[in-house]
Every structure is written in C-alpha cells, then in structure tokens.
Amino acid sequence: VGLAGYALEEGYRVMALVAVNSLGRPFDPLTGRLYGEEFLAEGERALLPDRSRYWGSPEDYRYPFLLGQNTTLAVVATDAPLSKAQARRLAIMAQDGIARAIRPAHTPLDGDLVFALALGEGRGVDAYTLLRLGAYAADAVTRAILRAVLLAEGMPGAPGYRELVHKDAE
C-alpha cells in the first residue's frame, strides 16, 4: 500500500492511496529499474536499492502464476469542490498513473481501478484547475505505486522488489 500527494498553487490538494497486487511488473526485468522512477521525490529516491550488480532478462510477458488474482486499486482524493462529472474525469486522468508504473497495465487478468473523491461542496472548478488536478492525480498514483513497491516486504516464495533486486545482485 502506498500514499502520495501534491499541493497545488490554487490552494487545493490531491492525494492517492494505492493497493498494489499487479499482474504486470513495476520494474524493467532487464535493468531492475522501476517504471515511473522519475516521478519519485528526492527523499523517496533514498529507498531505491543498489542495482549496480543486478542481472536480469528481457520481458517476455508470460505470467504462469496467480492468473485472475491480481489488481491495483487506487483512490484519489481532493479538497477541490468537484462536480460529480469532474470527479469522474479526475479518476479517468488518474488511471494513467497505473500505466506509468506497471507494465503491462489494465490487462484482461487484472481488475485495475481508480476511484475519485472530492471533499468540496460540488459546485465544480474551472477546466484549467481540473486539468491540473488530473495531471497531479496521475503523478500521485504513479508515486504511490512506487512507494508501495519500495516499502513492500516479500513473503516466502514471493520476494518484494528490494529483495528481488538485491538477491539477483548477489
């Protein structure tokens, strides 16, 4: 589970809370580099493992494990007074954050989904503000996924990202 957010110049905030159990990978199996890594804040980069000795192989998009048991679920919330239609647009734009951080995303075997919540009174905002909220919501979803992956601990037979990259480097 990961959390990330932004404060906009307009005075509104947008946050993303994401639960990650994706079928697709959050990292390039050839290099070990996280997809969407450029969206991490400076302090979050300290969580990145040393990949200098990582040795991987190209992606072949074969997933013989746990088919039909994967999903990435996200909630984006803002204190902007979005209308119902604008909240829907916020969720649509935020969904792009999943595709930036996980490959492949939105597969027929995943249940990837983003919900949007607006805490304002529902009068709506101008199109420019909605555009900015949606762009930052997608960035927040990407960062929240990366934070979840970086902070996750593996289980027996299913190592977390940091364990996998470290193990392969040894």
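Is Tyr6 buried, partly exposed or exposed, and at what relative accessibility? Tyr6 counts as partly exposed, at 21% relative accessibility. Here buried means under 20% relative accessible area, exposed means over 50%, and partly exposed lies in between (1.4 Å probe, protein chains only).

The legends below describe a predicted model, in which local features need pLDDT of at least 70, side-chain atom pairs count only at pLDDT 80 or more, and totals for chains, interfaces and linings use all residues. Residues are numbered from 1 along each chain as its sequence is written, and side-chain values use heavy atoms, with hydrogens and water left out.

**View 1. Tyr6 and Tyr136 form a tilted aromatic pair.** The ring centres are 5.1 Å apart, with 50° between the planes. Rings of Phe, Tyr and Trp (its six-membered ring) pair if their centres lie within 6.5 Å; planes under 30 degrees apart count as stacked, over 60 as edge-to-face and the rest as tilted. Tyr6 sits in strand β1 (residues 2–7) and Tyr136 in helix α4, so the pair ties together parts that are 130 residues apart in sequence. Helices (H or I, at least four residues) and strands (E, at least two) are DSSP runs, numbered from the N terminus. Tyr136 is partly exposed, with a relative accessible area of 28%.

**View 2. Phe27 and Tyr161 form another tilted aromatic pair.** The structure holds 2 aromatic pairs. In this one the centres are 5.3 Å apart and the planes make an angle of 50°. Phe27 lies in the loop between β2 and α1 (42–45), while Tyr161 lies in helix α5, so the pair ties together parts that are 134 residues apart in sequence. Both Phe27 and Tyr161 are buried.

**View 3. The largest nonpolar core has 34 residues.** Such a core is a set of buried Ala, Val, Leu, Ile, Met, Phe, Trp, Tyr and Cys residues joined through side-chain atoms within 4.5 Å. Val76, Leu133, Val141 and Ile145 have the most contacts inside this core. Two or more residues come from each of β2 (13–21), β3 (71–78), α2 (84–94), α3 (96–101), α4 (127–151) and α5 (161–169). Helix α4 gives the most, with 10 residues. What does Leu133 touch, leaving aside its neighbours within four places in sequence? Leu133 is in contact with Leu8, Tyr12, Arg13, Val14, Thr78, Ala80, Leu82 and Leu90. Contact means heavy atoms within 4.5 Å.

**View 4. The largest pocket has a volume of about 1,100 Å³.** On a 1 Å grid over the protein atoms alone, a pocket is an open set of points with protein on both sides within 12 Å along at least five of seven lines, and lining residues have an atom within 4 Å of a point. Grid points are joined across faces, edges and corners, and the volume is the space filled by probe spheres set on the points. Of the 34 lining residues, Ser22, Ala158, Pro159, Gly160 and Tyr161 are the closest to the pocket centre. Elements β2, α4 and α5 each give two or more residues to the lining. The largest share, 3 residues, comes from α4. By class, the lining has 20 nonpolar, 9 polar and 5 charged residues. Ala, Val, Leu, Ile, Met, Phe, Trp, Tyr, Cys and Pro count as nonpolar, Asp, Glu, Lys and Arg as charged, and the others, Gly among them, as polar.

**View 5. A cis peptide bond joins Arg103 and Pro104.** Omega is about -10°. Pro104 lies in the loop between α3 and β4 (113–118). His106 is found in the loop between α3 and β4. Phi of His106 is near 55°, a positive value in a residue other than glycine. Most residues other than glycine have a negative phi, and most peptide bonds are trans. His106 counts as partly exposed, at 36% relative accessibility.

**View 6. Arg143 lies in helix α4.** Arg143 is buried, with a relative accessible area of 10%. Leaving aside neighbours within four places in sequence, Arg143 is in contact with Ala4, Gly5, Tyr6, Phe39, Leu40, Ala41 and Glu44.

**View 7. Leu113 has its place in strand β4.** Leu113 is partly exposed, with a relative accessible area of 38%. The C-alpha atoms of Leu113 and Val18 are separated by 9.9 Å, and these residues are 95 residues apart along the chain.

Terms used. 1 Å grid on protein atoms, 1.4 Å probe; cavity = no way out; pocket = protein on both sides within 12 Å on 5 of 7 lines; lining within 4 Å.
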